[in-house]
Amino acid sequence: MSSSELKLPDYREQSPAVAARFQRIRERPVILQIKDLRKSFGTNGSSHVVFDRVSLDIHRREFICAVGPSGCGKSTLARIIAGLDEASGGDILLDGQVVGGPGPDRGMVFQGYTLFPWLSVKRNVMFGLQQQGKDLNSAESEARQWLDMVGLSKFENSYPHELSGGMKQRVAIARALANNPRILIMDEPFAALDAQTRCQMQGYLMQIWKKVDITILFITHDLDEAALLADRILVMGTNPGGIREFIENPVPRPRSSAQLISPEFLALKKRLEEHIHPPVEAEPMEKIPMVKLTDAGDEVE
Amino acid sequence: MANHDWLGLKKELPQKRRLLLVGFSFLLPLFLWCAISYIPWLWHPLIHVTDPGSVDYFTEGMNVKVADYDKELAKAKAAGTALPSGYAVNPIYLPPPHKVALAFYTAFKTPPRLPNEPWLHESLGHSIRTIFLGFFFSSLIGVPLGILCGSYRFFAKLQEPFIEFFRYLPAPAFGALCVAILGIDDAPKVAIIFIGTFFQQVLIIGNSVRKVDYALIEAAQTLGAKGWRLVARVTIPASITDIYTDMRILLGWAWTYLIVAEVVGTMSGITFFINQQARYRNFDNVYAAIAMIGIIGLCTDIFLAWLGGILFPWKRKTQRAGKTQPVFPLIKWKILNPTVPAKSGIPLHVV
């Protein structure tokens, strides 16, 4: 109620600093280009189209969040870009080259951690490096650097099951980044974590992103998370599936949780809410026919 | 802890009670055996004659039915002739526990009756060698084939239907065939254990490998692993603990095929010993030898469980949290308690 009564700015209004930043981003080279991507399930007789005509450019070191209602195919999009699923049509270009199956140039962080339980934390981070043919010593020293960066050097010899969820996900991030991918795809990476840990992880991710030359595509269903992290927010929808809007986030950087109540943030959030939860004819809530069973003398109404 | 219920539905029992119950699981049957053996009025259907008295068909040391003895005793009393005497015993095929316990030692010390017969330790050694060879050859082919079937649908479809069929053919049915092909010595025995193990092995290991979480394979793919390396670096290590457990179970099955295998061709190993001792009516030795098979099997399994804890340190905690309750909690408990490092104290920075 209060937010609609409050006079909010247009979510497209950008302060000069934010506008300049987007200008700079647009001048950077395009890392990932998606052309007319289409995904449908089933045979040609009765096929269900997940999304269609998805086209977008992601620039170097951009932080993109993809949001949308469940079933809009945001995770499918991530998996197709990573090469784990096949598209039904369209192209994905990484640095101008069409990419097919999975490869180390597109790092992936999954919701379920997917750390290798039989390898120590350090060995997990070394996995990709060794696949690329790096010798043991250089792989080990590189892995140590990455673990240092995510703050887990003390745990390099622990096994994944000895770590908490947040720590596991930090190892997974280090493991993906150690491969020097062109883009890091994160598929609802913090969805399984409790609210407090998720907040911490968002902080860690921001720090890492500032230190490393990495482009991030972050899938989430948490609108606050998207508004807090992203440069641009890709809003996807269902029926028909596809891109609804690609919003430039007006909230200035550096971000902090204090901005959660800033006018730009609220304006953006309101716009996102409109996309994800379209206004429905509000039915008056029916009163439940409840017989009073207690008389504790603490009635609130 | 104090409020723990002995019969809590699916509730974990405290360590002490678990150990107590494990002890009881062995003590209860032993107690029953002791009761039947040492309490005369419980069973004891025979009388061991110490003095035949005037009964003409009694001889010293023979066992007669209680009813017959009573009849003869009454007759002798009525006739006023010398009374027979004796004491109640169990049949010879049920020796008391102390005799069997003693047999564990004496069986090794008893020289074989014929010069070409093996000693007990030789028989046991022979059996263990047969099992080992059969299991080794089976694993040599079965494990790689199982991994292939579990990893690639191609091999699964090519191999598994036939193996599924073959697994229903009872291994002992091949006894005569094995002897005809491989002769009467050890080769057919090893072959029977091979047949009994191999087909199960391929299917079970194939299944374990198939259960590997596909997300791990996907993760490895996004890290640049491809083709055969995915199998070598992800599928195999991810399923190795399950394969190890499968092998432990399969080894148990191999033991059950041993007795069948050893009667094929010339009888050999522990089966020969048991048969020979039963023929001499040394039933204490028979029980001891049967128990030895169980003890060897159990000790092997406990050893392998302990070894598994050392080989696969990452499994320790997950196993403890898992559903399978270990047979020997003390041993498992010792290896399943790794030291968990303290939580990190990394300072938290806001965005």
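Colleague: Where does A:Glu188 lie in chain A?

Modeller: A:Glu188 lies in the loop between β7 and α7 of chain A, and in this predicted model the residue has a positive phi of about 45° although it is not a glycine.

Colleague: Is A:Glu188 buried or exposed?

Modeller: A:Glu188 has 20 other C-beta atoms within 10 Å, so this residue counts as buried, the cut-off being 20 or more.

Colleague: And what about the phi of A:Asn180?

Modeller: A:Asn180 also is not a glycine and has a positive phi, of about 50°; this residue sits in the loop between α6 and β7 (183-187) of chain A. Because A:Asn180 has 16 C-beta neighbours inside 10 Å, this residue counts as partly exposed.

Colleague: Then which peptide bond is cis?

Modeller: The bond from A:Arg253 to A:Pro254 is cis, with omega near -5°, and A:Pro254 belongs to the loop that runs between β10 (242-248) and α9 (263-276) of chain A.

Colleague: Changing topic, how many helices and strands are there in chain A?

Modeller: Chain A has nine helices and 10 strands, and its C-alpha atoms fill a box of roughly 70 × 50 × 50 Å along the principal axes. Of its 301 residues, 41% count as buried, and among the contacts in chain A with a separation of 6 or more, 71% come from residues 24 or more positions apart.

Colleague: Which residues have the most contacts inside the largest nonpolar core?

Modeller: Those are A:Ile64, A:Cys65, A:Leu217 and A:Phe218, in a core of 92 residues, to which α6(A) gives the most, with eight residues.

Colleague: What is A:Ile64 in contact with, leaving aside its neighbours within four places in sequence?

Modeller: The partners of A:Ile64 include A:Leu217 and A:Phe218, and also A:Ile58, A:Ile216, A:Ala230, A:Asp231, A:Arg232 and A:Leu234. There is also a second, separate core of 28 residues, which includes B:Ile147, B:Cys178, B:Val190 and B:Tyr257.

Colleague: How many residues does each chain bring to the contact?

Modeller: The contact takes 40 residues from chain A and 25 residues from chain B. On the side of chain A that touches chain B, the elements giving two or more residues are β6 (106-109), α4 (121-131), α6 (165-178) and α7 (195-211), and α7(A) gives the most, with five residues. By class, that side of chain A has 17 nonpolar, 18 polar and five charged residues.

Colleague: What ipTM does the predictor give the complex?

Modeller: The predictor gives the complex an ipTM of 0.87, together with a pTM of 0.81.

Colleague: And chain B, which domains is it divided into?

Modeller: Chain B is divided into domain 1 (12-39), domain 2 (46-89) and domain 3 (108-321), and the C-alpha centres of domain 1 and domain 3 of chain B lie 30 Å apart.

Colleague: Where in chain B does pLDDT stay under 50?

Modeller: That happens over residues 318-351 of chain B, for which the model has 50 contacts beyond four places in sequence. Chain B as a whole averages a pLDDT of 85, and 89% of the residues score at least 70.

How values were computed:
Residues are numbered from 1 along each chain as its sequence is written. Chains are lettered from A and ligands numbered from 1 in the order in which they are written. This is a predicted model: local features need pLDDT of at least 70, side-chain atom pairs count only at pLDDT 80 or more; totals for chains, interfaces and linings use all residues. Two residues are in contact if their C-beta atoms, placed from the backbone, lie within 7 Å. Helices (H or I, at least four residues) and strands (E, at least two) are DSSP runs, numbered from the N terminus. Ala, Val, Leu, Ile, Met, Phe, Trp, Tyr, Cys and Pro count as nonpolar, Asp, Glu, Lys and Arg as charged, and the others, Gly among them, as polar. A residue is buried if 20 or more other C-beta atoms lie within 10 Å of its own, exposed if 12 or fewer, and partly exposed in between; C-beta atoms are placed from the backbone. Domain bounds come from an automatic or database domain assignment. pLDDT is the predictor's confidence in each residue, from 0 to 100. A nonpolar core is a set of buried Ala, Val, Leu, Ile, Met, Phe, Trp, Tyr and Cys residues joined through C-beta atoms within 7 Å.
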